[in-house]
Amino acid sequence: MEFPSKLIENGVSAFASLPGIGKKTALRLVIHLLQEDEELSKNISESIFKLRTEIKYCQKCGNISDDEICSICNNPSRKHDIICVVENFRDILAIENTGQYRGVYHILGGLISPLDGIGPEKLNISSLIQRIQSQNIQEIIMALNPTIEGDTTLFYLSKQLSQYPVTLTTLARGVAFGGELEYVDEVTLARSIQSRRPFENYISGQNS
Ligand SMILES: [Zn+2]
């Protein structure tokens, strides 16, 4: 794309450097900004810069936060003896959106992936162990993606944590609600069968 203005070209390439935004969308955004008041451009650029420079990471769990300790870790009505271990901030958002979890979190910051050169030492595992050692933690829920990397990390964590008196649990992996068995891939279906639970539990689980 050729532009009559270097300023437009810079604007387009700035927007197009973001994920999911192509040159056409970037140009549309640029034109929109030119048509609106200067105030809009000022607000957007200031809030992006503030976001990037003032954001903090919770010293306890690694969650994105406005303060040293995040709003979840700071909430006295959460169960602080249950830690849900997740890969990243987006997983916390997803679990929080279910409204079903009242414990706290721990962000690993990635998953073990030897092919990508990510070993356990690159993840926030020692800080998790410190939390287990220094607080009275009852349960660790390992809520990791059902992938090879997730399983590798799960296996590593379960070995590392086996020496501590905490209950280790993982998410039940099964057929998605509303899914049809014939369209579920074999691995998922095999796991659903392997991790089957008594029918009474299924019924009582529905009511809780
Ligand atoms: Zn926190």
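## A first look at this predicted chain

In this protein chain, 42% of the contacts with a separation of 6 or more join residues 24 or more positions apart; two residues are in contact if their C-beta atoms, placed from the backbone, lie within 7 Å. The model is predicted: local features need pLDDT of at least 70, side-chain atom pairs count only at pLDDT 80 or more, and totals for chains, interfaces and linings use all residues. Residues are numbered from 1 along each chain as its sequence is written.

**Overall build**

- The protein chain holds eight helices and six strands (DSSP runs numbered from the N terminus: helices are H or I with at least four residues, strands E with at least two).
- The radius of gyration, taken over C-alpha atoms, is 22 Å, well over the 17 Å from the globule rule for 208 residues, so the chain is more spread out than a compact globule (the rule is 2.2 Å times the number of residues to the power 0.38).
- Along its principal axes, the C-alpha trace spans about 65 × 45 × 40 Å.
- Of the 208 residues, 18% count as buried, with 20 or more other C-beta atoms within 10 Å of their own, C-beta atoms being placed from the backbone.

- Four strands make an open sheet in the order 4-3-5-6, with parallel pairing (two strands pair if DSSP finds at least two bridges between them).
- Strand 4 (103-107) and strand 6 (167-170) are the edge strands, each pairing on one side only.
- Five bridges join strand 3 (residues 79-86) to strand 4.
- Valine 85 stands opposite histidine 106 in strand 4.

Notes
A residue is buried if 20 or more other C-beta atoms lie within 10 Å of its own, exposed if 12 or fewer, and partly exposed in between; C-beta atoms are placed from the backbone.
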